[in-house]
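Please open the model in your viewer and keep the selection panel at hand. The tour below goes from one selection to the next and says what is found at each stop.

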Amino acid sequence: MTDCGCDKAKAELEEFLHHELRAPDAADVAEHLANCVDCTHEHAVGVVLTAAVKRACSETAPEELRAEVLLKIRELRAAM
Ligand SMILES: [Zn+2]
């Protein structure tokens, strides 16, 4: 692994997903994601899960949602 900032990116990924980072930090993470396949996959999984949790809180279709999320995660894993 090179000096690609993975540790920083992964540490801040959660906050990035929730748009809780300050703009300069968010820009750093976004830039890293653009250049790092590994972190991009992790981010993609996080996006799916975050969206699923949000929807699960506001909608009442947990079974369908769960199936959809599992399918997306499987697709992402297959693409790795
Ligand atoms: Zn990385």
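Begin by selecting helix α1 (residues 6–17) and helix α3 (residues 37–58), whose axes come within 10 Å and cross at roughly 15°; helices here are DSSP runs (H or I, at least four residues), numbered from the N terminus, and axes are lines fitted to C-alpha atoms over the stretch in contact, with angles running from 0 to 180 degrees between N-to-C directions. That angle makes α1 roughly parallel to α3, a term for angles under 35 degrees.

This is a predicted model, in which local features need pLDDT of at least 70 and side-chain atom pairs count only at pLDDT 80 or more, while totals for chains, interfaces and linings use all residues. Residues are numbered from 1 along each chain as its sequence is written, and side-chain values use heavy atoms, with hydrogens and water left out.

Next, show the side chains between the two helices, where residues of α1 including Cys6, Leu13 and Phe16 meet residues of α3 including Cys39, His43 and Val47; contact means heavy atoms within 4.5 Å.

Stay on His43 in helix α3, which counts as buried because its relative accessibility is 19% (buried means under 20% relative accessible area, with a 1.4 Å probe and protein chains only). Leaving aside residues up to four places away in sequence, His43 touches Leu13, Phe16, Leu17 and Leu33.

Finally, select the zinc ion, whose protein donors are Cys6 (SG), His32 (NE2), Cys36 (SG) and Cys39 (SG), at 2.0 to 2.3 Å; donors are N, O and S atoms within 2.8 Å of the metal (3.2 Å for Na, K and Ca). The arrangement is tetrahedral because the four donor atoms subtend angles of 97 to 114°, the term requiring all angles between 85 and 135 degrees.

Terms used. Four donors count as tetrahedral if all angles lie between 85 and 135 degrees; four count as square planar and six as octahedral if opposite donors are over 155 degrees apart and all others between 65 and 115; anything else is irregular. Angles under 35 degrees count as roughly parallel, over 145 as roughly antiparallel, 65 to 115 as roughly perpendicular and the rest as oblique. Buried means under 20% relative accessible area, exposed over 50%, partly exposed in between (1.4 Å probe, protein chains only).
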